[in-house]
Amino acid sequence: MIVLHSSLYSVPSLTMLSLLLSRGFCQAVTEVNRRSYPTVASFIRTFTTPSPTCGHDDEASLVTPSQLKAMLSNRNVQLFDVRNPDEYQDGHIPQAVNLPLGIVEESLKLPPESFKQKFEVKAPGKDDDNIVFNCRTGVRSGEALGIARQMGFHRARHLKGGYAAWVEQEGN
């Protein structure tokens, strides 16, 4: 009879459990953000994760201000500013459509004709590779990107550094 010592399985099991818990926790933080509990989400993020976007700051998820400028000049971008309407009114990137973070999910669920009627632009498609979110500094647009990715918009991206980086590099 072979007896296996339980400690042989403890290290891989603990590693797997740790990965599952951290991923689950990241998803929980994202869900809290999606349901608009910013105080709780901000508190949890402050003490638990280095990035509020749970991995959405890799190079494939980011658009630089110069890349966005090229996309705008080619008219090959669906740019959504996820700041509040008052922030948007104070200044925004040309061609940006105001889609406040609090309504991103419900708006992306709208039928294409309803989206176009509400926002006066073509509804983004899940396979579109020119969807870009922006906000003031990149935090809220990262959250919007997380929501969009969970909904199947896997090719969407967000502006690195947000509107602040745009103004610094490109002016207003």
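Strands S2 (residues 78–81) and S4 (residues 131–134) run in the parallel sense and pair over four bridges. In this pairing, Gln-78 stands opposite Ile-131 of S4. Strands count as paired if DSSP finds at least two bridges between them. Helices (H or I, at least four residues) and strands (E, at least two) are DSSP runs, numbered from the N terminus.

A word on the source: this is a predicted model, in which local features need pLDDT of at least 70 and side-chain atom pairs count only at pLDDT 80 or more, while totals for chains, interfaces and linings use all residues. Residues are numbered from 1 along each chain as its sequence is written, and side-chain values use heavy atoms, with hydrogens and water left out.

Back to S2, which is covered on both faces: Gln-78 and Phe-80 on one side are buried, and so are Leu-79 and Asp-81 on the other. Buried means under 20% relative accessible area, exposed means over 50%, and partly exposed lies in between (1.4 Å probe, protein chains only).

Rings of Phe, Tyr and Trp (its six-membered ring) pair if their centres lie within 6.5 Å; planes under 30 degrees apart count as stacked, over 60 as edge-to-face and the rest as tilted.

| Ring pair | Centre distance | Plane angle | Type |
|---|---|---|---|
| Phe-80 and Phe-115 | 6.0 Å | 85 degrees | edge-to-face |
| Phe-80 and Phe-133 | 6.1 Å | 40 degrees | tilted |

Because Phe-80 belongs to strand S2 and Phe-115 to helix H6, their pair ties together parts 35 residues apart in sequence. The pair of Phe-80 with Phe-133 reaches from S2 to S4, so it ties together parts 53 residues apart in sequence. Phe-80 counts as buried at 1% relative accessibility, and Phe-115 counts as buried at 1% too. Phe-133 is also buried. Ring pairs link Phe-80, Phe-115, Phe-119 and Phe-133 into a cluster.

Another polar contact, of 3.3 Å, joins the side chains of Asn-130 and Asn-76. A polar contact is a pair of N or O atoms within 3.5 Å; within protein, one must be able to donate a hydrogen and the other to accept it, and residues adjacent in sequence count only if both atoms are side-chain atoms. Asn-130 is buried, with a relative accessible area of 13%. Leaving out residues up to four places away in sequence, Asn-130 touches Met-71, Asn-76, Val-77, Gln-78 and Arg-157, where contact means heavy atoms within 4.5 Å.

Finally, the whole protein chain. It has eight helices and five strands, which run α-α-β-α-β-α-β-α-α-β-α-β-α from the N terminus on. Of its 172 residues, 39% are buried. Among contacts with a separation of 6 or more, 61% come from residues 24 or more positions apart.
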